[in-house]
Amino acid sequence: MKPAPLRRLVVAIALLLAPWQAVGQMQADAQTRDAVEVMRRVERQETAPDEQVRFTMRLIEPSGRVRERTGVVYERQVSPAGFDEMHLIRFYSPADIQGSGVLTIENQDRDNDQWLYLPAYHTTRRIAPANRGDRYMGTDFLYEDIMRERIEEYRYRISGEETVDGVPCLVVEATPAAERLARESAYSRKLIWVDPARDLVLKVDYFNRDGRLFKRLTVTATEKVADKHRWRAVRMQDLDRQHETTVEYRDRRIGAGVPESYFTEAYLKRGQ
Amino acid sequence: MTRDRRVLWLLWLILGVGVPDARAGEEPSKVRLGVYLEYEYFSYLTSLGGEVVDSRNAFTAIPRLDWAPHHDLLLHASVLMRKDFSEEERSRIYAYDAFMSLERETWSFSIGREVLSWGRADSLRPTDVFQRHDYTDLIEDRVEATDVVKVTFSRGTGTLEGVWAPVFTPDIVSYAADNRWTGLPATTDVPGVGQVSLTYDEDSQQRPPATLASGQVGIRFSGTTGGWDYSGMGYYGYDRVPTITLHEVETQDPAAQTATIRLVPTHKRITVFGGDFAKAISRWTVRGEAAYTLTADLDPGTTGINDPYFRFTGGADRTISSTTSAQSFLFGIQYALDTEAEQPGPLDTQEVNPWLHPFRQALVVNTSWKFTESVRFDFRGYVNRVEHDYLVRPEFVWTPIDSMTIVIGSDVLGGQATTFFGQYRDNDRLRLRMSYTF
């Protein structure tokens, strides 16, 4: 046990610091609330009843060799009030995968449903929802990069303000909070640069489970379609592998009416 | 208005769909041309690692045309052109598939020659009744299209599919003496003569007529509920695999020690009821299907393949991927059950059927190890748990550039000579396939 004078001194210091600690905690809470609000605004901005866009994806190897894929993405909300979405990705090229596609239906209460169609097999195939940390179709994106980020599963805080290509941004740090996410995610944390004027993400740094920066997403062009801000070109770099994936979007349509029937096995199998 | 457009409008009117509406975001009318090119080389060995006793090589080209004058309408045609430099019988030119397909939000209609695939199992699908096969190379097992009229109705995640195949078209099999996969003996022992080489002469009198009388119909309902994919189906038609009745020796040349035997292939009327399912459980996917087949027993005195039979295939698969590299590993295993499956008999049995019932109980293993984006190693194995015959197929797959694939692999078959794979145990081979699509 500590001597009485020293104990009194410690208590006195604690009493003196308590208000400052409380203020610090309040500031941190306010920062968290602000960060969550920023991410909720981003989510609302990103959400649309339906959306479709064509894309050109280039996989660039360290040697400079480029593999190109083109296709279309259809999206639609599972229910008008929610954020869960249905996605259909259809590839136009290269020729040997023309018509192939992946259909994903996000579910609030259970794992996502996912099917794959390869024309060579003439039939669809249910596939287990990939691990979040699995690479997405040979790109530098992981499945968790293309799945909707559930805000309630992360802890957010605003870590500063920086400009990205001259655009003032808030830097939001996202750390997995939900137990399952923390267990399965390939990331220990992400730094997200958000343009608060447009509620649009312009850059993301990804840190691996050892806390080391290993991937970087950079938005290289944006566009405004139907009052929504969207990426027009984006680059994802794998800093470890010196590999990168670029995606260019075109012919984007928001709220133009993507039929619900597009998000069925029957449509996936049409291959068109 | 051009003639093509007039034809299109006429089609729309006939089909009662009205004037096509231009849907936002869809590409305008387009024509796509493409070609699939393939070269294959097989070396047959005395044993694994032994000397080459025979070889076969073939070149295949499949030009195709897709014309989508409207988002809902597709006209498709492709022609298969194969030159087999070793087995002239396999050299063919024919319309591989050619159909018109009209797709609306809640229904679709197609007519023509197309590949129809039913079932959710990875292989050995009991409910896959309309898909034809080319068994001139048994292990390659290439699928063939069927002439059909197909209508589907969709509501939510459910789809009702009706298929009518107006005229029966069988699987493609070979009875040629130089084909290694006939399932028929190449020689036999004739009393007083000794060992004679056999050739076969097909008598097609019992083939189903090429008229509407040989039509087949099928119906299938499929859906998805709560993470389960499922379907139920019914089919009335024929076994596409012929049952071969061996008749007396037609001609015999004792001096040359050759004989010709008359074969009578028959396709039996069958009625099939079945269903399938698939479900993702954690990181695994379980899938399977079962079918019960009622047969028209052409000869009540015989047993085995003439009796009704039940088939089931079920298993699970999983893919494990790496976060930091392109590596992934797929593992799948299936169990296949076939009741009333008679193994093909020797020449002195009346009926043989080398392809209809390959298994009683089998395990099928499928693995794929992807090392990089362009290199992977696949391994597939089939083991009959009752007869202990087997087939294993290891292969390296290299994609040096997009749309080009080079496969180097081998097929190893084993078992007793009276078993399904065992009868082909002299057909161990190395193979090379190069393909390019553009």
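User: Which residue of strand 12 of chain A does A:Glu223 stand opposite?

Analyst: A:Glu223 stands opposite A:Arg230. Before going further, note that this is a predicted model, in which local features need pLDDT of at least 70 and side-chain atom pairs count only at pLDDT 80 or more, while totals for chains, interfaces and linings use all residues. Residues are numbered from 1 along each chain as its sequence is written, chains are lettered from A and ligands are numbered from 1 in the order in which they are written.

User: In what sense do strand 11 and strand 12 of chain A pair, and over how many bridges?

Analyst: Strands are DSSP runs of E with at least two residues, numbered from the N terminus, and two of them pair if DSSP finds at least two bridges between them. Here strand 11 of chain A and strand 12 (residues 228–238) of chain A pair in the antiparallel sense over 10 bridges. Two residues lie between the strands of this hairpin, and A:Ala226 takes a positive phi near 50°.

User: What does strand 10 of chain A pair with?

Analyst: Strand 10 (residues 200–207) of chain A pairs with strand 11 (residues 213–225) of chain A, antiparallel, over five bridges. A:Asp205 of this pairing stands opposite A:Arg216. The hairpin has five residues between its strands, and A:Gly211 in the turn has a positive phi of about 85°.

User: Which residue has a positive phi in the hairpin of strand 10 and strand 11 of chain B?

Analyst: That residue is B:Gly192, with a positive phi near 85°, in a hairpin that has three residues between the strands. The pairing joins residues 187–190 to residues 194–202 in the antiparallel sense over four bridges, and B:Val190 stands opposite B:Gly194.

User: How many residues of chain B are in contact with chain A?

Analyst: Two residues are in contact if their C-beta atoms, placed from the backbone, lie within 7 Å. By this criterion, 33 residues of chain B are in contact with 34 residues of chain A. Strand 17 of chain B gives the most to the side of chain B that touches chain A, with three residues. That side divides into nine nonpolar residues (Ala, Val, Leu, Ile, Met, Phe, Trp, Tyr, Cys and Pro), eight charged (Asp, Glu, Lys and Arg) and 16 polar (the others, Gly among them).

User: Why is B:Phe109 classed as partly exposed?

Analyst: A residue is buried if 20 or more other C-beta atoms lie within 10 Å of its own, exposed if 12 or fewer, and partly exposed in between, with C-beta atoms placed from the backbone. B:Phe109 is partly exposed because 15 other C-beta atoms lie within 10 Å. This residue lies in strand 5 (residues 107–114) of chain B.
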